[in-house]
Amino acid sequence: MTLINPETLKEIKTYSTKDFSVDACFNCGNCTAICPISEEGTEKGIPRTLIRYAQVGLKNKLLGNRLMWLCSYCNDCTETCPRNAEPGEFMMATRRWAMSQYEVTGIAKLLNSNPLFGIAAMGIIFLISLFLFGVFGNPTNISSERPIIIFNLVPKIVIEIIGIGIALILIAIIGLSIINMYRLISKEYDSNFIQGFEIARNTRKNDKKLNTVFHLIFSPIIMVKQAIAVIIKEIFGQYRQLQCTLEALNKRKRREFIIYRWIMHLLILWGFFGLGVATILNMLRDNFLGSIPNGYVPVTYPIRIIGIISGIALMVGVTLAGLSRYRKSLRYNEHSLTCDWIFLFNLFMIGLTGFILTASYYLTFIPAELGYWVFVLHMIFIIELVILAPFGKFAHVWYRSFALWIHYGMQAREHKLANELKREKAKIEKAKAAA
Amino acid sequence: METYDSIVIGAGIAGIQAALDLADQGYKILLVDKEPSIGGKMIQLSKVFPTLDCASCITTPKMSSAAHHENITVWTYCEVTNYHENESGSFQVNLIKKARLVNENKCIGCRQCEFACPVEVPSEFEMALGARKAIYIPFQTAIPQIALLDLENCIACGTCHRVCPADAIDYLQQDQNVEIEAESVILATGYELTPLGEKAEWGGGKYLNVISSLAAERLLAPNGPYLGVRRPSDNQIPMNIAYVHCAGSRDASVDRTYCSRICCMYTIKQAMLIMGSLPIVGVTCYYMDIRAFGKGYEQFYQNAKAMGVEFVKGKVGEIRENPKTHNLILSIENIGDSGGKIEVEYELVVLSLGLTQGSCPTGNFPVKQDKDGFIQSPKLKLDPVITSMEGIIAAGTALGPKDIVDTIVEGSAAAIKTSNYLKARQKESASILSLGSIPKIDNVETSNSEE
């Protein structure tokens, strides 16, 4: 049974700063024809198919479409749309909307559609963190003596317990959201898949495997292979974004340097990843090799070097992203939501406080007290980032990756099945010929 | 100074119709056109919808009767530069007669100069698919049959001067400024096609085998440049042809949101003509909607479908060229069928271009224009040919996109409106003459308010 929700389009529109006129769309198909990720096949013509779903109110079909996560907003559709319907912005808003629908607590809904909620949440988290610091920390230990021993200020065990506690809650939320997303996608996919393979149904009626999408996803060899492909190609290479931007560049012959965006995104990603690696290595070293007295290491310490380089990459990337959002210089960031800004702001502040903290270790002219206070700020902004992660812009990391993973898996599976069918057909024909 | 009852600016089918209707009533008309021949765009067409009459067979008699009418004076290669209004309300119009470098009174139209001229350049009339000489008569049925010399491409070899039997070549001829007086003005300045290369994704003007619809008309015309439908890149018969509807109209991305009305119908007509002359060729039309708006048009569309023309809903997003074969690959969404994006290869692509304002739609008269450049009709519903200025009437595509039927109707409508206006003026001047002039009282209101 198909559920129709006439409010869908109105709802999606609240997830953009702009009242884009997607109602004007008369389904000419121009956006699909020019889209670099659109493919041949049933319901693979995006963005038009998705716009149609939204206009009609087919909420579940929309939520069950994995292809929207392939789009990296090159904006070719908007630029060539004969009706100024802004399909690009529609796709962006739909992704935000879908994220808040997948998310189980409902916080994402508030954060993405209400600009004040984000700011209020930031404030509340800040105050609570400060309160926790007052309860568990020892501000009296702040002194101008060197070396700076930050764990004198907040006991390490407190940081670790709070950190792990928050992480567990968030992982649970993310996990449930992802399961939600998977449930919706597989439901829609099941019907499409079967429609697309009528022959398969006729020739292999008794094969129950074919009718369950679980078999498809949990075909382990395929999925592991595809997971590796996604991680290498899509996450660390941002391959699809590069392809889209290159194609857009080639097609439109624009002066605008849109590869800039790809580099910017990679810098943030690699910077963030590098900092994560440095943190984890540090933890592992502390726990297995014994901690270094006072936590002081020289600048040339390998983990420290990884941290500094990653920090620089992150800061450069975030600054570039912030500037282009502020100037609206790139087509895709003309309409920034508050939660976009909150994400960038948190990253920027974490990077900045991290740098000041590192500098205060090694540069003696920086007062040691400043180092302590900056550390407090650093921790608070990390808490902000982590707590808002499952709900805000950060969430695209796993939703997009997961959708890509499913997409890759489905593609591989379809390919395999098509080959199987071909072989089977050939066999049957051979048998007929022999008879 | 010569005086006329009306000056008709633009000698396309609207202007010719208006001039003929007025001249038949006994008014003296001056018909001017900026091109070296009258006939406008219609004379370039192959056939017209929905009757499939031969365009030049039905235009040429009209052109000819306008040219030979005792009450019509035709000036070609001539533009209005400025005007001022007389006290009596008539228009004093300054025109520039551009130099043809050929003496109009001596030239007998024998085309000896054209045959002898060694310079070949792309022909405007053939939409650059064919060639013309540097000294030329614009096309076979041009009126007047007087040559003109294109100074930009002339190599000054003097051949034309040597071969001319009438000694008509005049290299020293200058542009000539003329002033005339006219009681009224009819603007029939027509349209231009939207630019071929406007949408960069379609590669119009870049790929040889992406041509405009008017070029396709020339390919289909019996007196066309290739004497048949051939594609420009290799002069071969294209085995499949795609039409891109709504190219340059109803498209906000090129800032032209209005419907050009005629493109659907001429596309259907061209597709039918291709199916008629080359039955093995496949013709596919990619459309957003088919707007068959006029009398007999829907039936025309159904006939085309029955003939085997394929109509596919879906706007063409992008056209790429195969550099080896010069075939074109179209990206479209397969809306009606299995769905998704597909790529289809064609040997020739015709962009069904829309209509936009002419190069000088108002003929340098300060009538109000719409946002899209066409002349404004203040009384659009009940008096569509009236403009914002008294004594100036407009007709045809200068007012907005329309087909030939409507253009001719408007030409006649403009004639009767002008005739009414002229009659009223005659009466008015007669009554003024009998009463004597009435003194003007201008400052009554202002003096009252001061007190």
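Biologist: With which residue does R48(A) form a salt bridge?

Modeller: This is a predicted model, and in it the pair to look for runs from helix α3 of chain A to strand β19 (residues 328-333) of chain B, so that it crosses between chains. Both residues of the pair are buried, and their closest N and O atoms are 2.7 Å apart. The partner with which R48(A) forms this salt bridge is E333(B).

Biologist: How many salt bridges does the rule find across the interface of chain A and chain B?

Modeller: Side chains of opposite charge can pair when their charged atoms come close. Over all chains, a search of the whole structure finds 27 salt bridges, and between chain A and chain B there are 8 residue pairs in polar contact. Across the interface of chain A and chain B, the number of salt bridges found is 1.

Biologist: Which element gives the largest share of the side of chain A that touches chain B?

Modeller: The elements that give two or more residues to this side of chain A are α2 (30-34), α3 (48-56), α5 (76-80) and α13 (239-252). The residues of the side that touches chain B divide into 8 nonpolar, 11 polar and 8 charged. The largest share, 4 residues, comes from α2(A).

Biologist: About how much area do chain A and chain B bury between them?

Modeller: The contact draws 27 residues from chain A and 22 residues from chain B. In chain A, the residues that lose the most area to chain B are C28(A), A33(A) and P82(A), which together make up 27% of what that side buries. Of the area buried between the two chains, 50% is on carbon and sulfur atoms, and the total is about 1,800 Å².

Biologist: Within chain A, how many residues apart in sequence are the parts that the pair of R96(A) and D340(A) ties together?

Modeller: R96(A) forms a salt bridge with D340(A), their closest N and O atoms being 3.3 Å apart. R96(A) is buried, with a relative accessible area of 6%, and D340(A) is buried as well, with a relative accessible area of 2%. Because R96(A) lies in helix α6 (residues 87-102) and D340(A) in helix α16 (residues 338-362), both of chain A, the pair ties together parts whose separation in sequence is 244 residues.

Biologist: Which residue forms a salt bridge with D23(A)?

Modeller: D23(A) lies in the loop between α1 (8-13) and α2 of chain A and its partner lies in helix α1, so the pair ties together parts that are 10 residues apart in sequence. The closest N and O atoms of the pair are 2.8 Å apart, and the partner counts as buried at 17% relative accessibility. The residue that forms this salt bridge with D23(A) is K13(A).

Biologist: How many helices does chain A have?

Modeller: Chain A holds 435 residues, and buried residues make up 50% of them. Among the contacts in chain A with a separation of 6 or more, 75% come from residues 24 or more positions apart. Chain A has 0 strands, and its number of helices is 18.

Biologist: The side chain of S129(A) reaches which backbone oxygen?

Modeller: S129(A) is found in helix α8 (residues 115-136) of chain A, where it is buried with a relative accessible area of 8%. Leaving aside its neighbours within four places in sequence, S129(A) is in contact with I380(A) and I383(A). At 2.6 Å, the side chain of S129(A) reaches the backbone oxygen of I125(A).

Biologist: Is E126(B) buried or exposed?

Modeller: E126(B) lies in the loop between β8 (120-122) and β9 (131-133) of chain B. Leaving aside its neighbours within four places in sequence, E126(B) is in contact with R218(B), N223(B), G224(B) and P225(B). The relative accessibility of E126(B) is 13%, and since the cut-off is under 20%, E126(B) counts as buried.

Conventions
Residues numbered from 1 in each chain as written. Chains lettered and ligands numbered in written order. Predicted model: local features only at pLDDT ≥ 70, side-chain atom pairs only at ≥ 80, totals over all residues. Heavy atoms only, no water. Contact = heavy atoms within 4.5 Å. Buried area = accessible area lost by both parts, 1.4 Å probe. Salt bridge = Lys/Arg side-chain N within 4 Å of Asp/Glu carboxyl O. Polar contact = N/O pair within 3.5 Å; in protein donor to acceptor, adjacent residues only side chain to side chain. Nonpolar A, V, L, I, M, F, W, Y, C, P; charged D, E, K, R; others polar. Buried < 20%, exposed > 50% of the residue type's maximum accessible area, 1.4 Å probe, protein only.
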